[in-house]
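Open the model in your viewer and follow the stops below.

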Amino acid sequence: MPAFGVLEVLEEALETSGICLRGVVSFADGDGPVLADRSRAQSVVLLGNVGGSIWPAFSMWRGTHAGNDPLDAWSKTVIDPIAQRFGATAFYPSDPPYMPFQQWAMRAEGLKASPLGILIHPEYGLWHGYRGALAFRSAIPAEPPASRSSPCESCSEKPCLLTCPADAISPAGFAVGPCRTNLVT
Ligand code: B12
């Protein structure tokens, strides 16, 4: 499929799911992730949720589907057929080997890390995430991301660093152990 119009068609295909086109990462020859046909991608289109965008479609699907990791499973039921239709390779954030979704998001959307490590969105704050990515061998023309300031830059009190009930957040980084213990007890 020619690159012209791909983003518009993708957006339409994703509309009912609430999964949004988050941005496009462009790669120099040989720098992109390896595609299913072993060639290298020139473009990656990042897909994700903003605010509660996926909730109506996901919760309806969840009503009739049991099983582990439902959000990941649902994302694949939405994204895999679209990848097939467009001849793209689908990558998923939770599937090893982990693809650098946060680095891609910084490049595609101009987002910056919050003091928590996860990326903060100027409009949705921390309430957003990545559901997948479609990697293409051809270049997908896209505007470079607008320069966006981070809400964390003007937040002097940084209450986010003080509210974790497990004290898992510190300037030294994120302590997985206490977080996990708090969640399972
Ligand atoms: C393993 C993993 C975890 C592990 C370990 C996380 C850790 N802090 O070490 C656990 C299970 C603990 C975890 C927890 C969470 N995670 Co997590 N996690 C991942 C996963 C699957 C792989 C990370 C990885 O190794 N990537 C591979 C490397 C090569 O990619 P990368 O882009 O280069 O990422 C690196 C850099 O961004 C760097 N980094 C991160 N923050 C910062 C900040 C600064 C200043 C710098 C310099 C670098 C840096 O660290 C990353 C890992 O090396 C990613 C998905 C993905 N594929 O990235 C989600 C992901 C990073 N997680 C995510 C989320 C939302 C969370 C949680 C909030 C979930 C929750 N509700 O509790 C917590 C937050 C924990 C925290 N404060 O860090 C989101 C982040 C979205 C965003 N807004 O940025 C991701 C992208 C998944 C998604 N589907 O959207 N996570």
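Select α4 (101-109) and β6 (128-136): each supplies at least two residues of the shell around the ligand. Helices (H or I, at least four residues) and strands (E, at least two) are DSSP runs, numbered from the N terminus. Stay on β6, which gives the largest share of that shell, four residues.

This is a predicted model: local features need pLDDT of at least 70 and side-chain atom pairs pLDDT 80 or more, while totals for chains, interfaces and linings use all residues. Residues are numbered from 1 along each chain as its sequence is written, and side-chain values use heavy atoms, without hydrogens and water.

Now show the whole shell. The ligand is surrounded by 18 residues (a heavy atom within 4 Å). Met99, Gln103, Gly117, Leu119 and Tyr130 are the closest. The shell holds 12 nonpolar residues, five polar and one charged.

Which backbone atoms lie 2.9 Å or 2.8 Å from a nitrogen atom of the ligand? A polar backbone atom of Met99 is 2.9 Å from a ligand nitrogen. For Gly117, a backbone N or O atom lies 2.9 Å from one. For Tyr130, the distance is 2.8 Å.

Next, select Leu10, Ile19, Leu134 and Phe136. Within the largest nonpolar core, of 22 residues, these touch the most other members. A nonpolar core is a set of buried (under 20% relative accessible area, 1.4 Å probe, protein chains only) Ala, Val, Leu, Ile, Met, Phe, Trp, Tyr and Cys residues joined through side-chain atoms within 4.5 Å. α3 (70-86) is among the contributors and gives the most, six residues.

Methods: Polar contact = N/O pair within 3.5 Å; in protein donor to acceptor, adjacent residues only side chain to side chain. Nonpolar A, V, L, I, M, F, W, Y, C, P; charged D, E, K, R; others polar. Buried < 20%, exposed > 50% of the residue type's maximum accessible area, 1.4 Å probe, protein only.
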